[in-house]
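User: I have a model open and would like to go through it with you. Can we take it piece by piece?

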Amino acid sequence: MKNDNQRIVITGIGLTSPLGNNLADLRDGLLNGKSGIVHTEIRHMGKVAAGLCQFDETKHQSKKMRKRGTRAGAISVYCTKEALLDSKIDFDGIDKNRIGVYLGITEHGNVETENEIHDLYTSHNMDVSLWSHHHNPRTVANNPAGEVTLNLGITGPHYTIGAACAAGNLGIIQGVQQLLLDEVDLAFAGGISESTETFGIFAAFKAQGALGHHDDPSLATRPLDLDRNGIVVSEGGAVYALERLSDAKKRNAKIYAEIIGYHSNSDASDFVLPNTQRQIECMTQAIKKTGLEASDVDIVSMHATGTTQGDIQECLAVAAVFNDSPKTYINATKGFIGHAMGAAGALELAGNIPSFDDGYVHPCKKIENLDPQCAMKNLVNGEKMLCDANVILNNSFGMLGINSSLIVKKYK
Amino acid sequence: MLTNTEVRSKVLDIIADIALDDDVTGISDEIALREQLDLDSMDFLDIVMELKKRHKIEVPQEDYPRLATMQSCVDYLAPKFNQ
């Protein structure tokens, strides 16, 4: 039996997503079938479907610091400050040395590098003396987390966790671990992505035959649908205030959920293709660490990106793990908000956590032509369902064969 | 041939785009810019870069102190604008 110092809870959530800039708006969109996908113009690509965020960049940041920093930093600052405010922590009264910032990222620096090279070729006549002196601080891998510490005056550790599209989960896991190691007393942890600012990610997915498209942008990515044609790239972020249960209790904090288990492993098999067996092992190990059975999981939030092979391999894995779990519901979020890359795992977990309070499991965006290989019992398709949820398992997988499963439980 | 007033206006345009949160319209020409505006060393590098980008004016590192006040900027930059 763990004591309260060994239990980590979520006491604040800050987010921005293509469905809104707070948890209530995101949840409303997911429960009511709204799409956050739009068509937008991307340099060199023309019109593409994407998930864009519309938060006020200067709500928590000066105009000067926004201009000096990055979109990734702006997303990080916004989400972290919103998480802090939501947690109602007495920020002035706590030791800033004991706060850590751990943000998952798929990649960082591509946006700024593309912009500099664009200017170098188009307006600077290849004169590298006009290359910005801001380039290095903008593109160092710790930039998103570092901008948070500059903004909030946090003097504890900060860094990012590069974990492809599993990064949202891995950022949270890092926060949990640092709290359990007693390195910090408060962790701001999650994932962020500014990927829609770079043409390269769109061009690469297109070259791979994996860029989702449709005349109606809301249909551009259709996970688990036989008629899907790929991923929609999105931006976003979700940052959690994490504390030890003992500290949360002391200040009578609102507790969204307890993080009761996780696992991460590697496929060691391919740069991009998923590996069903490793995904099965990842989910199984995460469940084993909680001391629960698979049948105790009420909701499985799938990674499901809308690529044929990715969807099918994960469905095989989920079906294998939850075959004997009659009350486990399965959903996926990317049909609504696209693939928010480094933010995906953290945002998708956030979208599901309100199930502990509102008693629903949110659906997948309506799958009109379900891929027979993705047909699973209790797949929540198109309409929310009543669900007395106590345990949620959140999958997040990424390139180079990185898998993560995170399990949260309703705090009672 | 730019007048000193015109040079001042061009410098002020650059500063306004860097000190984005400050009102630059009432700054004193004699008092150090850093004492009136929220400017740090990175901002002065931005000023130097913008002079180069917009007006092709080079400011060597040893001359950075010449950008301390608006008056010293005008005194230093006017000949460069008019070269």
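User: What should the 14 residues of helix 7 of chain A span at 1.5 Å a residue?
Analyst: They should span 20 Å, and the end C-alpha atoms of helix 7 of chain A are 20 Å apart, which agrees; the expected span is 1.5 Å times one less than the number of residues, and helices (DSSP runs of H or I, at least four residues) and strands (runs of E, at least two) are numbered from the N terminus. This is a predicted model, in which local features need pLDDT of at least 70 and side-chain atom pairs count only at pLDDT 80 or more, while totals for chains, interfaces and linings use all residues. Residues are numbered from 1 along each chain as its sequence is written, and chains are lettered from A and ligands numbered from 1 in the order in which they are written.

User: How many residues of helix 7 of chain A are buried?
Analyst: Twelve of the 14 are buried, so helix 7 of chain A is largely enclosed by the rest of the structure; among them are A:Leu170, A:Ile172, A:Ile173 and A:Val176.

User: What follows helix 7 of chain A?
Analyst: A:Asp182 follows, and its phi is positive, near 65°.

User: How is chain A divided into domains?
Analyst: Domain 1 covers 8–250 and domain 2 covers 260–409, with bounds from an automatic or database domain assignment. Between the two domains of chain A, 56 residues of domain 1 are in contact with 50 residues of domain 2, where contact means C-beta atoms, placed from the backbone, within 7 Å.

User: Which element gives the most to the domain 1 side?
Analyst: Helix 7 of chain A does, with seven residues. The residues on that side of domain 1 of chain A divide into 28 nonpolar, 21 polar and seven charged.

User: Switching to chain B, how many helices and strands does it have?
Analyst: Chain B has four helices and zero strands. A compact globule of 83 residues would have a radius of gyration near 12 Å, and chain B has 12 Å, which agrees; the radius is taken over C-alpha atoms, and the globule rule is 2.2 Å times the number of residues to the power 0.38. Of the 83 residues of chain B, 17% count as buried.

User: How many residues of chain B are in contact with chain A?
Analyst: Nine residues of chain B are in contact with seven residues of chain A.

How values were computed:
Nonpolar A, V, L, I, M, F, W, Y, C, P; charged D, E, K, R; others polar. Buried ≥ 20, exposed ≤ 12 C-beta atoms within 10 Å, placed from the backbone.
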